[in-house]
Every structure is written in structure tokens, then in C-alpha cells.
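Have it open next to you while you read.

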Amino acid sequence: MNPAIEFKNVTKAFVKKDGDVQTILDNVSFSIPAGKTTVIAGGSGQGKSVTLKLILGLMRVDSGRIMVQGNDVTGVRGKGLESLRTQFGVLFQGSALFDSLTVFENVALPLRERTKKNEAEIRAQVLSSLSQFELDGHEEKYPAQLSGGMQKRVGLARAMQLKPAIMLFDEPTTGLDPVMSLEIYHLFARTQAEFGFTSVIVSHDIPKIFNLADRVTILNGGKMDVFSSPEEIQWSEEPHIQEFVKTTMGDIYQSDLVEK
Amino acid sequence: MKSNLVGNLGNTGLYILTDLGKMTLFLLKALRGVFRRPFRFRELLRQMHFIGVGSLAVIFFTAASTGMVLGLQGYYSLNKFGADGMLGSAVSLTLIMELGPVLTALMVAGRAGSAMCAELGIMRISEQIDALDCMAVDPFRYLITPKFLATLICVPLLTVMFDVVGIAGGYIAGVSLMDVNPGSYVEGMRTSVTNHDIQLGVIKSFVFALLVVWICTGRGYFVQEIRGAGFGAESVSRVTTQAVVFSSISVLIFDYLLTAVFL
């Protein structure tokens with residue numbers, strides 16, 4: 001079975017304002033297995049969001065290749081890019097809901113723009129989705145009238161409308177309190193179990209997010225370390241991984257996960 | 001020191017060239033959006049309401065005051081030579097060929113252009129435009145093209161309204177307040193304004209509309225890529241100011257160029 005996404009020797013660098021070159025991904029190769037949840041972790045500015053943007057074709061690689069569902073999508077443009085993006089659903093850090101549209105209109109947007117369904121079919125599908133994500137009665141509200149957690153649920157409902165094969169989550173619990181974050185993670189797990197999509201989660205919400213992960217990758221200094229389980233990270237002898245464990249997991253990791 | 005200066009000049013030159021290239025592609029994609037389906041007719045009407053109907057009051061007051069000032073100033077100057085009968089001609093030609101298109105474009109840039117720039121800037125920094133891209137929805141067809149079309153339709157119509165109200169304002173100031181002969185005001189206007197003058201005014205209003213909507217939407221769309229704009233809300237406010245200033249200056253420069261070419 002082809003991996004859902006595969007990076008082959010991908011390099012991406014940026015030129016800073018002072019003229020220095022910062023290599024975000026340095027000849028990185030890794031794969032994201034289909035139907036599983038992969039967490040991409042790492043410190044600020046290590047290239048987590050850049051990795052997502054490269055997958056979506058919002059940025060171009062400097063060298064290397066990116067494969068999605070077995071197809072080379074490096075440098076794809078026009079209709080090919082549109083076709084690539086229909087395979088993805090994305091939940092953005094700030095939900096990226098359209099401020100001037102109601103909850104209903106936000107969720108209906110991909111159906112109105114990307115399908116030939118009539119208004120009655122769209123209405124039925126959207127109301128069913130809103131119900132599934134516990135948003136009944138909120139369809140006429142605007143995003144500004146919703147709590148952070150509800151905005152995430154609307155974002156997820158919108159992303160699911162075209163039944164994507166791969167869901168990308170960019171820092172999905174930023175700005176949420178710990179209780180709401182856990183609730184959102186449970187929602188992800190339930191949704192994935194129901195729809196069976198491949199899930200890629202970029203997050204620094206550690207260690208909570210690791211409970212969802214089938215595979216964890218840690219970005220550091222342009223390199224990517226891949227672990228088959230969260231537990232494996234703890235036993236890594238790499239100094240930068242040990243430092244990562246120490247600074248991001250600390251006592252919580254020790255008490256929550258190791259004792260399980 | 002010297003090489004630093006050369007390096008900075010080179011960097012600035014490259015930045016300007018890149019920016020011009022991006023803005024040119026932006027214009028082409030916005031115009032291509034007209035031919036892409038589904039066409040957002042309802043959004044076009046909404047934008048026309050915002051840009052056209054929403055600007056009626058400001059255009060009316062600007063036109064009325066400009067026409068009345070022209071009437072008084074024109075009378076003051078022409079009367080010195082005993083030529084106050086030419087007031088209708090002077091007011092109408094000035095408004096139709098010059099002040100109507102220019103002031104309408106400046107008012108639309110200040111009122112609607114700034115709003116379009118800020119709206120797109122906020123959509124960009126809150127990832128709403130990225131969300132459209134990720135849903136495989138062309139942001140140009142969805143967001144930019146309706147704004148382009150609405151501006152290109154509304155600005156010439158607003159300019160015509162500006163001309164009519166301004167000429168009426170000149171009539172009130174000249175005829176009602178300064179006792180200029182009403183017949184000579186109307187006849188002077190009728191005999192001196194030619195089709196060529198009206199065409200020049202219309203051409204100018206189309207070009208100015210394109211400049212205003214192009215610069216204002218383009219700056220908002222590229223808000224995160226503009227050098228020195230900063231980040232977040234601050235970047236949107238700075239870029240909005242920049243968009244209004246750039247579009248206003250462009251209108252004035254192109255006003256001279258078009259006058260020199262067509263007159």
C-alpha cells in the first residue's frame with residue numbers, strides 16, 4: 001500500500017532579511033502511512049507549518065519530490081493543483097472561518113463551489129454535519145459569536161464536506177483551554193474512526209497529542225526524526241531528542257505516559 | 001560602506017521588480033476570473049452596492065461643493081475680462097475632463113479602496129485566503145474579480161453623476177448667486193463640450209477605476225509580503241494607508257499622462 005504522503009530528499013530554505021539563508025528542511029525524506037495519525041512536532045520556526053504548506057502546494061520545494069497517494073505532485077500547477085487539493089481537508093490554527101459568512105454558509109461553501117449539488121441537497125448535508133459536530137441551532141450565527149472550541153468544530157465540519165482522504169491539522173488546539181483541547185482531540189479520534197482518513201497533526205500540544213499518534217516525527221534544525229510510537233521518543237539517545245523530551249514533556253510525560 | 005550601499009540599492013531594485021511582477025500577475029489573474037465559472041453574480045451586486053450606492057453621498061457632496069466653488073472662482077476670474085458668459089463652458093469642461101474623473105477616483109480610493117484593502121489583508125493574515133486555496137476555490141474568482149468588475153462599472157457611473165451634480169452646483173453659484181445669464185451658462189456648456197471631451201472623461205474614469213481597485217486589492221492580498229509593513233493588525237493598517245496613498249498618486253500621474261496623450 002502506498003503511503004498517503006511521501007517526502008523524498010526535500011530541501012526548503014528561506015533567505016532572511018539580512019541575506020542569510022535559513023534551511024528549514026535539509027534533504028528530508030519521510031513517509032506518512034495511509035489511514036493512520038502522524039504527529040509532526042518541533043520547536044517554533046523548525047518548519048512544521050512549512051511542511052504542511054509544501055504538502056498543499058502553497059509553497060514550492062527547492063529540491064526533492066513530494067508524492068501524494070503515489071502521485072508526484074512536486075511543482076504541480078493549475079487544474080492538477082486543484083485536483084490535488086480536493087484530496088485534502090485542512091483545519092487551520094485559527095480555524096480560518098469566513099467572518100462575513102454564517103456557520104451554515106461557511107460549511108456549505110465547499111459544496112457550493114466544488115460540487116453540482118442543488119441547494120436542497122446542500123442544506124440537508126450541512127445540517128446533518130452540524131448535528132454530527134454538535135452544532136445544532138448555531139447555523140445562523142457568525143464565527144465571532146462562537147467560542148474557540150465551536151469555531152474549531154465548524155472548521156472541522158467544513159473541512160469534512162468533500163470527504164477528504166487526508167486531513168491536515170495545523171496547531172488545532174491553539175488558544176483553547178486544556179479541557180477544550182482534550183475534547184477536540186477526542187472529536188478528531190471519533191471523526192477519524194468514522195471516516196478513516198489519514199491524519200497529519202502539526203502541534204506542540206505535547207504530550208496530550210501523542211496519545212492520538214500512531215507515528216511521531218520531530219523536526220529539528222532542518223532534519224526530521226521519525227518514531228513509531230511516543231514511547232520510542234523517550235528512549236532515544238540523540239541529544240536533541242533528549243532535550244526535546246526534557247523541555248516539552250517534562251514531568252507530565254513521565255507521570256502520564258510512562259506509567260501507563 | 002560603499003558595497004553596503006550598492007547591496008541595499010540592488011536589494012531594493014530586486015524587491016521593486018519582484019513586486020511589480022507579482023502585481024502584474026495579480027492583475028492578469030483578476031481579469032481571468034471574469035471567464036471562470038461559477039460566476040458570482042450576487043457578490044458582484046453586493047460589491048456594486050458597497051462601492052456605488054455606498055459612495056453616492058460622498059460623491060454628491062464633493063461634486064456639489066466643487067461645482068459651486070468652480071462657479072464662484074470662475075465667475076471671479078472671467079468677470080475681470082467681461083467673459084462671465086463663458087462660465088458654463090469653463091465649469092463643464094473642467095468637471096468633465098478633469099475634476100470629475102480625478103475626484104471621483106480619489107473619493108472611491110479613500111472610501112471603498114481602503115475597505116477592500118483592509119478586508120483582504122485581514123482575510124490573508126487570518127488564513128481565510130489560504131483556506132480558499134486549500135478548498136481548491138480560486139480566490140481570484142471568488143474574492144477579487146467581483147471587486148474589479150464592480151469598481152470598473154461603478155466608478156464611471158459615479159463620475160457621470162459627479163459631472164452632473166458639479167455642473168448643477170456651478171449653475172446655482174453662477175446663475176442664482178452671481179446673476180450670470182442662465183441661457184449663456186447652458187449655451188456655453190452645450191457649444192463647448194464635444195464628444196471627444198466626454199470620451200476623455202470616460203476613458204480616464206475607467207483607467208482610474210482600474211488603478212484604484214488593482215492597487216488596493218493587490219496590497220491587501222500581498223499584505224504579508226510587503227517590506228516594512230510589520231505583522232498582524234499593524235501590517236493591515238500600514239498597507240491600507242499605503243494602498244490609498246499609492247492609488248491616489250497613480251491617479252494623479254495617469255491624469256497628466258492621459259491628458260497629454262488625448263488632448
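1. Let me start just after helix 4 of chain B, where Glu127(B) takes a positive phi of about 65°. Helices here (H or I, at least four residues) and strands (E, at least two) are DSSP runs, numbered from the N terminus. Bear in mind that this is a predicted model: local features need pLDDT of at least 70, side-chain atom pairs count only at pLDDT 80 or more, and totals for chains, interfaces and linings use all residues. As for labels, residues are numbered from 1 along each chain as its sequence is written, while chains are lettered from A and ligands numbered from 1 in the order in which they are written.

2. Helix 4 of chain B deserves a look in its own right. A kink of about 55° is centred on Leu95(B); the bend at a residue is the angle between axes fitted to the seven residues ending there and the seven starting there. Is this helix enclosed or open? Of its 39 residues, 28 are buried, so helix 4 of chain B is largely enclosed by the rest of the structure. Buried means that 20 or more other C-beta atoms lie within 10 Å of a residue's own, exposed means 12 or fewer, and partly exposed is in between, with C-beta atoms placed from the backbone.

3. Chain B overall has nine helices and zero strands. Its C-alpha trace spans about 65 × 55 × 30 Å along the principal axes, and 43% of its 263 residues count as buried. Take contacts in chain B between residues at least 6 apart in sequence: 86% of them join residues at least 24 apart. Two residues are in contact if their C-beta atoms, placed from the backbone, lie within 7 Å.

4. Now the helix pairs. The axes of helix 6 (residues 139–177) and helix 8 (residues 195–221) of chain B come within 8 Å and cross at roughly 145°. Axes are lines fitted to C-alpha atoms, for helices over the stretch in contact, and angles run from 0 to 180 degrees between N-to-C directions. By class, the contact has 12 nonpolar, five polar and one charged residues. Ala, Val, Leu, Ile, Met, Phe, Trp, Tyr, Cys and Pro count as nonpolar, Asp, Glu, Lys and Arg as charged, and the others, Gly among them, as polar.

5. Helix 6 of chain B also pairs with helix 7 (residues 182–192) of chain B: their axes come within 10 Å and cross at roughly 150°. That crossing is right-handed. Ile167(B), Tyr171(B), Gly174(B) and Val175(B) in helix 6 meet Pro182(B), Tyr185(B) and Met189(B) in helix 7. Those residues divide into six nonpolar, one polar and no charged.

6. What about the largest nonpolar core? This core has 126 residues, and those with the most contacts inside it are Leu168(A), Ala105(B), Val108(B) and Val212(B). Helix 4 of chain B gives the most to this core, with 18 residues. A nonpolar core is a set of buried Ala, Val, Leu, Ile, Met, Phe, Trp, Tyr and Cys residues joined through C-beta atoms within 7 Å. Leaving aside neighbours within four places in sequence, Leu168(A) is in contact with Leu52(A), Ile55(A), Phe88(A), Val90(A) and Val200(A).

7. How many residues of each chain are in contact with the other? The count is 14 residues of chain A and 10 residues of chain B. On the chain A side, helix 2 (78–85), strand 6 (88–91) and helix 3 (103–114) each supply at least two residues. Helix 3 of chain A gives the largest share, three residues.

8. Finally, some backbone spots to check. A cis peptide bond joins Arg37(B) and Pro38(B), with omega about 0°; Pro38(B) sits in the loop between helix 1 (2–32) and helix 2 (41–51) of chain B. Asn9(A), in strand 1 (residues 5–15) of chain A, has a phi near 50°. Glu134(A) has a positive phi of about 55° although it is not a glycine, and Glu134(A) is exposed, with 12 other C-beta atoms within 10 Å.

Notes: A crossing is left-handed if the near helix is turned anticlockwise from the far one by less than a right angle, and right-handed if clockwise.
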